[in-house]
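Here is a short report to read with the model open beside you.

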Amino acid sequence: MQSVWIDTDMGFDDLAAICVIAASKHHNIAGLSLVAGNAPLDSVALNAAGATKLFDWRFPIHLGKAKPLITELETAGYVLGPRGMASVNRHLPDAMLNAASGSAWQALANHIATSTDRVKILALGPLTNLAMLALNEPDLVKSIEALYWMGGGIGGNHTAAAEFNAAVDPEALAIVLNSGMPFHMIGIDTCRQCLWTHDHVEELRAIGSHKALVMADLMTAYVDIAGPQGRMACYDPLAAAALINPALVNFKPAHVTAELHGKSTRGMSVIEWRVPRKAQANALVSTSPDAMSALALINQSLMSYCL
């Protein structure tokens, strides 16, 4: 079994991605660290507590950073609602999080230091916790097998130039990119080629279990974000699928820079593909997915996990 540490700001697509990893026969979740992003940290914690109650999660969950490294938090509440996880009916159950002791980056550092195999990390939100790890334990970075991050890419969604996870804490992105972590970036341009529809929702709903009905109602609200066409990018679950099977996403070496100063471009991930002629590669950046196979893995995982 390959251990996976997941760092998340716990919106619906984060939850679905966690379920994809949890359903894998070859991966186990060693721990979960929470970061403010989609919603403030207290709401992120409530979502994690509700998911723990619904799915009877047994892995430790650690509270991470409540704000970016140097700026104030901007959330996605304008799209996802105040808790970062809207629903058309059923919600995650109410629960209070019994957080494990120790901050997120310290818990991750301890896991890396004591793990008997090289650790994979799946990061689904702003990279604040990972930046704290890189700043405080730079030598541990060498023991990470791979970091898969859903974020960045060509174009933006939070602003015209910047993807949300990058825009919330671009300083953290810059630190992680410069840390030497083996960085796999699954950008929004790739995720937008892998689409959930209401047909996928109904396949999940047809299972009929309480877990499936809750997830279907949450997923309906998520797909509805795309408007009448009902074709919504499968963001975080695609990163989970890529971690499980890297062949599902095409990657190219590139040099990625986080734009920190531009008035209109702050948070933009600037991708220099011309390596090594123009720069040395510091990341593997997604270009395209095998969308049909990735969606099959994601949806089959969700359905099996919701039985």
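A residue is called buried under 20% relative accessible area, exposed over 50%, and partly exposed in between (1.4 Å probe, protein chains only). This is a predicted model, in which local features need pLDDT of at least 70, side-chain atom pairs count only at pLDDT 80 or more, and totals for chains, interfaces and linings use all residues. Residues are numbered from 1 along each chain as its sequence is written, and side-chain values use heavy atoms, leaving out hydrogens and water.

**Salt bridges**

Let's begin with the charges. The whole structure holds seven salt bridges, each being a side-chain nitrogen of Lys or Arg within 4 Å of a carboxyl oxygen of Asp or Glu. Three of them are listed here.

| Salt bridge | Closest N to O distance |
|---|---|
| Asp217 and Arg90 | 2.8 Å |
| Asp217 and Arg205 | 2.8 Å |

Asp217 pairs with Arg90 in a salt bridge. Because Asp217 sits in helix α10 and Arg90 in the loop between α3 and α4 (104-114), this pair ties together parts that are 127 residues apart in sequence. Helices (H or I, at least four residues) and strands (E, at least two) are DSSP runs, numbered from the N terminus. Asp217 is buried at 3% relative accessible area, whereas Arg90 is partly exposed at 30%.

Asp217 also forms a salt bridge with Arg205. That pair links helix α10 to helix α9, with Asp217 and Arg205 twelve residues apart. Arg205 is partly exposed, with a relative accessible area of 22%. Through shared partners, salt bridges join Arg90, Glu202, Arg205 and Asp217 into one network.

**Empty space**

Rolling a probe the size of a water molecule over the atoms shows where empty space is left. The search uses a 1 Å grid over the protein atoms alone: a cavity is a set of points where a 1.4 Å probe fits but cannot get out, a pocket is an open set with protein on both sides within 12 Å along at least five of seven lines, and lining residues have an atom within 4 Å of a point.

The largest pocket contains about 430 Å³ of space. Its lining has 29 residues, of which Asn38, Val79, Leu80, Asn157 and Tyr235 are closest to the centre. Helices α1 (12-23), α3, α6 (164-168), α10 (210-224) and α11 (235-244) each supply at least two residues of this pocket's lining.

The largest cavity has a volume of about 30 Å³. His200, Glu203, Leu204, Met219, Asn299, Leu302 and Met303 line this cavity, and α9 (198-205) and α12 (291-305) each give at least two residues to the lining.

Val79 itself lies in helix α3 (residues 77-80) and is partly exposed at 40% relative accessible area.

Met185, in strand β6 (residues 183-186), is buried at 0% relative accessibility. Not counting residues up to four places away in sequence, Met185 touches residues including Trp149, Phe251, Val256 and Leu284, contact meaning heavy atoms within 4.5 Å. From Met185 to Ala113 the C-alpha distance is 24 Å, across 72 residues of sequence.

Technical notes. Points joined across faces, edges and corners; volume = space filled by probe spheres on them.
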